[in-house]
Amino acid sequence: MKVVLLAVLGLFLGTLGGAALGIGAGLAFVEIAQTSNFEGQNGMLVFFTFMPLGAAIGGIGGAVLFGLLALRDDAIAIEREPVVHGDR
């Protein structure tokens with residue numbers, strides 16, 4: 001259950017981060033490639049191409065990354081049982 005919840009969290013965070021990076025990459029591409037801005041074509045290119053691609057790649061990457069971190073339970077401390085050192 002822990003793995004699934006962390007994978008969903010990674011999907012959410014990766015989608016947000018990937019969309020933001022996609023917008024940044026799209027704006028950089030528009031400036032570098034000097035694309036036409038007739039009737040807002042630059043904006044449509046960025047928000048209908050680069051943002052969804054960045055969100056998809058970021059979501060998949062975030063879900064995989066968080067899922068792998070959850071599977072490696074020895075690397076991160078989640079739901080560890082307290083260590084009891086005998087009766088005193």
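**View 1. Glutamate 39, an exposed residue in the loop between H1 and H2.** Glutamate 39 has a relative accessible area of 65%, so it is exposed. The coordinates are those of a predicted model. Glutamate 39 sits in the loop that runs between H1 and H2. The phi of glutamate 39 is positive, at about 55°, although the residue is not a glycine. For most residues other than glycine, phi is negative.

**View 2. Glutamine 34, in the loop between helix H1 and helix H2.** The loop in view separates helix H1 (2–33) from helix H2 (41–71). Is glutamine 34 buried or exposed? Its relative accessible area is 64%, over the 50% cut-off, so glutamine 34 is exposed.

**View 3. Asparagine 42 and its polar contact with threonine 35.** Asparagine 42 belongs to helix H2. With a relative accessible area of 14%, asparagine 42 is buried. The cut-off for buried is under 20%, which is why asparagine 42 falls in that class. A polar contact of 2.5 Å links the side chain of asparagine 42 to that of threonine 35. Which residues does asparagine 42 touch, leaving aside those up to four places away in sequence? They are Val30, Thr35, Ser36 and Asn37.

**View 4. The aromatic pair of phenylalanine 29 and phenylalanine 50.** The count of aromatic pairs comes to one. The ring centres of phenylalanine 29 and phenylalanine 50 are 5.4 Å apart, and the ring planes meet at 40°. Planes under 30 degrees apart would count as stacked and those over 60 as edge-to-face, so this pair is tilted. The pair links distant parts of the chain. Phenylalanine 29 lies in helix H1 and phenylalanine 50 in helix H2, 21 residues apart. Phenylalanine 29 is partly exposed, at 38% relative accessibility. Phenylalanine 50 is also partly exposed, at 22% relative accessibility.

**View 5. Glycine 26 beside phenylalanine 50.** Glycine 26 is part of helix H1. What is its relative accessibility? The value is 0%, so glycine 26 counts as buried. The C-alpha atoms of glycine 26 and phenylalanine 50 are 5.4 Å apart in space. In sequence, glycine 26 and phenylalanine 50 are 24 residues apart. Glycine 26 touches Val46 and Phe50, with residues up to four places away in sequence left out.

**View 6. Alanine 28 and valine 46.** Alanine 28 is placed in helix H1. Its relative accessible area is 35%, so alanine 28 is partly exposed. How many residues along the chain lie between the positions of alanine 28 and valine 46, counted as their separation? They are 18 residues apart. A distance of 9.6 Å separates their C-alpha atoms.

**View 7. Glycine 14 and its contacts.** Glycine 14 is another residue of helix H1. At 13% relative accessibility, glycine 14 counts as buried. Which residues does glycine 14 touch, not counting those up to four places away in sequence? Ala55, Gly58, Gly59 and Gly62. Phenylalanine 66 is 52 residues away from glycine 14 in sequence. The C-alpha to C-alpha distance of glycine 14 and phenylalanine 66 is 9.6 Å.

**View 8. A nonpolar surface patch that includes leucine 13.** Which residues make the nonpolar patch? Leu9, Phe12, Leu13 and Leu16 make it, with an area of about 380 Å². Leucine 13 is in helix H1. Leucine 13 has a relative accessible area of 41%, so it is partly exposed.

View 9. The protein chain has 88 residues, and buried residues make up 19% of them. What share of the contacts with a separation of 6 or more comes from residues 24 or more positions apart? The share is 72%.

Notes:
Residues are numbered from 1 along each chain as its sequence is written. This is a predicted model: local features need pLDDT of at least 70, side-chain atom pairs count only at pLDDT 80 or more; totals for chains, interfaces and linings use all residues. Side-chain values use heavy atoms; hydrogens and water are left out. Helices (H or I, at least four residues) and strands (E, at least two) are DSSP runs, numbered from the N terminus. Buried means under 20% relative accessible area, exposed over 50%, partly exposed in between (1.4 Å probe, protein chains only). Rings of Phe, Tyr and Trp (its six-membered ring) pair if their centres lie within 6.5 Å; planes under 30 degrees apart count as stacked, over 60 as edge-to-face and the rest as tilted. Patches are made of residues with over 30% relative accessible area and no salt bridge: like charges are joined within 9 Å, nonpolar side chains (Val, Leu, Ile, Met, Phe, Trp, Tyr) within 5 Å. Accessible areas come from the Shrake-Rupley method with a 1.4 Å probe; for residues, only the protein chains shown count as cover. A salt bridge is a side-chain nitrogen of Lys or Arg within 4 Å of a carboxyl oxygen of Asp or Glu. Contact means heavy atoms within 4.5 Å. A polar contact is a pair of N or O atoms within 3.5 Å; within protein, one must be able to donate a hydrogen and the other to accept it, and residues adjacent in sequence count only if both atoms are side-chain atoms.
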